[in-house]
Amino acid sequence: MPRAGLDRATVIAAAAEVADERGLGQLTMSLVAERLGVRTPSLYKHVDSLAELHQGLAVLAMTEFGDALRDATQGYAGRDALAAAARAMRSYLTGHPGRYAATVGTVANPELDAAGARVVESLAAVLRGYRIDPAEQTHALRTLRSTLHGFATLQTAHGFQWGADTDQSFEWLIDFLDRGLRSSSRHLSPARPAPPVEID
């Protein structure tokens, strides 16, 4: 029986489930329709194309990811904030690999930019605890994101084949990042503002 109350948010939520289960590359309109119990043409009343569906997934994932980072890091600073952000990112990426994959390489739009800005602000707040030179903040953000992204992506793809415990390796990674960020810190005047930052 077709699902009542079908709308754009419902279609995107179903697509997110399919993407997480099968991988973003396997996502099709027909699979989403099957998940919802409707015929494929019904979906086009709510999304124009598979590309638009990918954009909706990216916004959903970035919004959820931003909320997870904000909630995890609230009230923490320094290494504690770094560890909380790292674990939240790893948890979200490994738990939702398909929808998160839509955030990489998707054409920018105002909704995605706004959701991404919240992610950047949470990560920037973590770095403020290390007093990174404002001129180096973008580099630090990119390093932090790419390192955590790489670890979680490899873990999801079963890329770690060695015998060492993955959780122990991840804690080692957090310590490594903490040492690197502390060694890069600059003792700046509190009045000196940091420039806007962005993540590619």
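1. In this predicted model, helix H5, spanning residues 78-95, packs against helix H9, spanning residues 166-183, at an angle of about 135°, and the two axes lie 10 Å apart. Because angles over 145 degrees would be needed for a roughly antiparallel pair, H5 is described as oblique to H9. The crossing of H5 and H9 is right-handed.

2. On the H5 side the contact is made by Arg79, Leu82, Ala83, Ala86, Arg87 and Arg90, which meet Thr166, Asp167, Phe170, Glu171, Ile174, Asp175, Leu177, Asp178 and Leu181 of H9.

3. The unreviewed UniProt entry assigns "domain: HTH tetR-type" to residues 5-65, a stretch that is 70% helix and 0% strand in the model, with its end C-alpha atoms 26 Å apart. The record also lists residues 28-47 as "DNA-binding region", again from an unreviewed entry; over residues 28-47 the chain is 60% helix and 0% strand, and the end C-alpha atoms are separated by 13 Å.

4. Where does Gly25 lie, and is Gly25 buried or exposed? Gly25 sits in the loop that joins helix H1 (8-22) to helix H2 (29-36), and, with a relative accessible area of 74%, Gly25 counts as exposed because the value is over 50%. The C-alpha atom of Gly25 is 11 Å from that of Leu50, although 25 residues separate Gly25 and Leu50 along the chain.

Definitions and conventions. Residues numbered from 1 in each chain as written. Predicted model: local features only at pLDDT ≥ 70, side-chain atom pairs only at ≥ 80, totals over all residues. Heavy atoms only, no water. Axes fitted to C-alpha atoms, helices over the stretch in contact; angles between N-to-C directions. Helix = DSSP H or I, 4+ residues; strand = E, 2+ residues; numbered from the N terminus. Parallel < 35°, antiparallel > 145°, perpendicular 65-115°, else oblique. Left-handed = near helix turned anticlockwise from the far one by under 90°. Contact = heavy atoms within 4.5 Å. UniProt positions renumbered as here; feature names shortened; annotations may be inferred. Buried < 20%, exposed > 50% of the residue type's maximum accessible area, 1.4 Å probe, protein only.
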